[in-house]
Amino acid sequence: MTRVKPVAFLGDSLARLREFPQQARRAAGYQLDRVLRGLDPDDWKPMQAIGASVREIRVKDRSGAFRVIYLATLAEAVYVLHVFRKSSQRTPKAEIELAAARLRNVTRR
């Protein structure tokens, strides 16, 4: 049996996830469950601009594009650093800076 890590939502990440439309929320939850079980999400990319080993789950549905930025390499939990609706081709600098600040808080512990 695969060991499942706990998930830790930082800041307003859980509240933001709950604001996603139902289909996007379900898809993000399913992909997060894959991560908790030690698997890769179906659609992801590394987020080196935020930090080493930080990844972004990419969810697309009829209502738009959604992102879940997380760190899964620490033993104690999968840390969801930031969750947001993507509104442009490039990830806005403010979204990257917020995730990076939350990452610094996690790695200081």
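The legends below describe several views of a predicted model.

In this predicted model, local features require pLDDT of at least 70 and side-chain atom pairs count only at pLDDT 80 or more, whereas totals for chains, interfaces and linings use all residues. Residues are numbered from 1 along each chain as its sequence is written, and side-chain values use heavy atoms, with hydrogens and water left out.

**View 1. Overall fold of the protein, with 3 helices and 5 strands.** Helices (H or I, at least four residues) and strands (E, at least two) are DSSP runs numbered from the N terminus, and in that direction the elements follow the order β-α-α-β-β-β-β-α. The C-alpha trace spans about 35 × 35 × 25 Å along its principal axes. The radius of gyration, taken over C-alpha atoms, is judged against a globule rule of 2.2 Å times the number of residues to the power 0.38; the protein has 13 Å, which agrees with the value near 13 Å for a compact globule of 109 residues. Of the 109 residues, 39% count as buried, where buried means under 20% relative accessible area, exposed over 50%, and partly exposed in between (1.4 Å probe, protein chains only).

**View 2. The open sheet, in which 5 strands are arranged in the order E1-E5-E4-E3-E2 with mixed pairing.** Because E1 and E2 stand at the edges with a single partner strand each, one side of each is left without a neighbour in the sheet. The twist averages 30 degrees from one strand to the next; for such angles, axes are lines fitted to C-alpha atoms, for helices over the stretch in contact, and values run from 0 to 180 degrees between N-to-C directions. Two strands pair if DSSP finds at least two bridges between them, and strand E4 (residues 64–71) pairs with strand E5 (residues 78–86) in the antiparallel sense over 7 bridges. Ala 65 has Lys 86 in E5 as its bridge partner.

**View 3. Helices H2 and H3 against the sheet.** H2 lies across E1, E3, E4 and E5 and runs at about 150 degrees to E3, while H3 lies across E3, E4 and E5 and runs at about 170 degrees to E5. With contact meaning heavy atoms within 4.5 Å, 48% of the contacts between residues at least 6 apart in sequence join residues at least 24 apart.

**View 4. The salt-bridge network of Asp 12, Arg 16 and Arg 102.** A salt bridge is a side-chain nitrogen of Lys or Arg within 4 Å of a carboxyl oxygen of Asp or Glu, and a search of the whole structure finds 8 of them. The closest N and O atoms are 3.7 Å apart between Asp 12 and Arg 16, and 3.0 Å apart between Asp 12 and Arg 102. Asp 12 lies in the loop between strand E1 (7–9) and helix H1 (13–18) and Arg 102 in helix H3 (residues 93–108), so this pair ties together parts that are 90 residues apart in sequence. Asp 12 is partly exposed at 31% relative accessibility, as is Arg 16 at 24%, whereas Arg 102 is buried at 12%.

**View 5. The salt bridge between Asp 43 and Arg 58, at 3.0 Å from N to O.** Asp 43, in the loop between helix H2 (22–36) and strand E2 (44–46), and Arg 58, in strand E3 (residues 54–61), are 15 residues apart, and the pair links distant parts of the chain. Asp 43 is partly exposed at 34% relative accessibility, and Arg 58 is likewise partly exposed at 31%.
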